[in-house]
Amino acid sequence: MQALKRAIWVFHLNTGGCNGCDIEILAALTPRYDLERFGIKLVGSPRHADVLLITGPVTRKMEERLKRVYAQTPDPKMVVVVGNCGSSKGVFHHHYNVVGPVDKFVPVDVYVPGCPPRPEAIIYGVAKAWIKLEKLKEEKK
Amino acid sequence: MSEFTLPVGPVHPAFKEPIQFKFKIEGEKIKSVDIDMGYNHRGIERAGMKRNPVQIIYLSERICGICSFSHPFSFSRAVENAVGIEVPERAHYIRTIIAELERLHSHLLWAGVAAHEIGFDTVLYLVWKNREKVMDICESITGNRVHYGVMMIGGVRRDLTEEHCQKLSKAMEYYNETLTAIEDVFLNEKTIKMRTQGIGILSKKDALALSAVGPTVRASGVPKDVRVDQPYAAYADMDVKPIVPEKANGDIFDRVWCRLVEVRQSIQIIDFCLQNIPKGDTLAEKNIVKLLADLSQAEGEGIGRHEAPRGECTHYVVLNKQPNPFTWKARAPTYNNVLPWVPMFKDAEIADIPIISASIDPCIACADRVTIVENNKTKTLNKIDLHKKSIEKSKRLKKCQ
Ligand code: SF4
């Protein structure tokens, strides 16, 4: 990796998934995979975040929350959807209380497929978002 | 002092039922709590009634990513119970091994999260580093880290090879060694003791009245464990004892203790299974088409119980000569453990919210957003603030020493 210009802060939101993806995101942060060595850090509020990591197929009650969290994240921002069910509803297709997928409500930049994706794949997805974010900033200059 | 309402949540990451708590507080003390559920309701059971039993196995895995073996286990047992399928002996042993591996990884996951909640991130990393070993084993046995996809009605889809057995016994040796360090931290470290002893107490009476399950009820001194009360799979062949503390206070410390001892117990169970696993088939009916045809002719109701890491997980199925089950009902252990939160939270401090809510192991527990409504002026505390409060309390207690 080239020298990083900035550290990426990530906010993680579960919109009703099974939490398989969420524990893999957490696993990506722990010593084996160590996401933090790239300066990628999980933060507790969307207001501090550059990247939104979204899991889950969006349930009816979470729809509003998802939109609100997206609006709270400062621009420029990237949205990474982790897991099949966030990308396409996956196994939760045709469920009456599932209104997703995520890209129906907020624009998505990177999809990470897998149910759940491996931690490596999640790191790769976040890195892709990071590259896109840098490009966006260059263009703006 | 006037009372405030303090809503916590509902963005609870990783939870079958994400929850919003509404705390009534007076100063720093919690007076009462109201719990609002349903944020994660996906309608799984309803959708399952439109799928056939083999498809439901994959759906039931996705009820929860941490109990991803317990739900299909209970469901398969319910269907086998309804139809009367005999599971081969070897499959029983493989199921038991994977179920115990799941308990191992789930309890370690919990220990890490609990440490994080009281501000011990070093311990979180220590424990999660250890946990990767069992994830590797699960991956090599089943092909996946989280959703194993190994369960099938009437047995399991993959056999254990000689190589797997060797890897497993090596891993168990590894855990026998490394667990000592983790136990030492949790049971002897002064700050952890201060933050957990005498906090979040659930009395035996309340535990029974609210029908708590799993380590939550055992820590209150009730020896309730499906593996003992109604032995199934390979548990019937061995001597499993419910883990109950000698002098149960029902506080968080007891729950920590219960889980740590259960990890040791899981290692013993896996060792026993490895030594006694019989040879033979792993599946009662290998042809899925024939299995589905048989199931669509079956009639009856069945119940499947399994002691998941968090407590008893029950599935109920009614088949009525249709390709899809007529009824499917799943009851996850966290569901039972929600009401016991009410007595636990009573008179606790705000700084204890994270550790108390984590103490029943609701998959991952942490409040994402807290709002204090103070005379209609709204002040928002988020997860970080709550976490900071928790860390502050740890530091304060240390200083008082
Ligand atoms: S993609 Fe799969 S593992 Fe991830 S939240 Fe959805 S169902 Fe769970």
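Me: A residue counts as near a molecule or strand if one of its heavy atoms lies within 4 Å of it. Between which chains does the ligand lie?

Reply: The model is predicted, so local features need pLDDT of at least 70 and side-chain atom pairs pLDDT 80 or more, while totals for chains, interfaces and linings use all residues; side-chain values use heavy atoms, without hydrogens and water. Residues are numbered from 1 along each chain as written, with chains lettered from A and ligands numbered from 1 in written order. The ligand is surrounded by 13 residues, A:C18, A:C21, A:N84, A:C85 and A:C115 being the closest. It lies between chains A and B.

Me: Which helices of chain A each supply at least two residues of the shell around the ligand?

Reply: By class, this shell has 6 nonpolar, 6 polar and 1 charged residues (Ala, Val, Leu, Ile, Met, Phe, Trp, Tyr, Cys and Pro are nonpolar; Asp, Glu, Lys and Arg charged; the others, Gly among them, polar). At least two shell residues each come from chain A helices α1 (20-29) and α3 (84-88).

Me: Which strands of the chain B sheet stand at the edges?

Reply: In chain B, 3 strands form an open antiparallel sheet, ordered β6-β7-β8 (strands are DSSP runs of E, at least two residues, and helices of H or I, at least four; pairing takes at least two bridges). Each edge strand has a single partner, so one of its sides lacks a neighbour in the sheet. The edge strands of chain B are β6 (299-308) and β8 (327-331).

Me: Which residue of β8(B) is the bridge partner of B:T314?

Reply: Strand β7 (residues 311-320) of chain B pairs with β8(B) in the antiparallel sense over 5 bridges. In β8(B), the bridge partner of B:T314 is B:R331.
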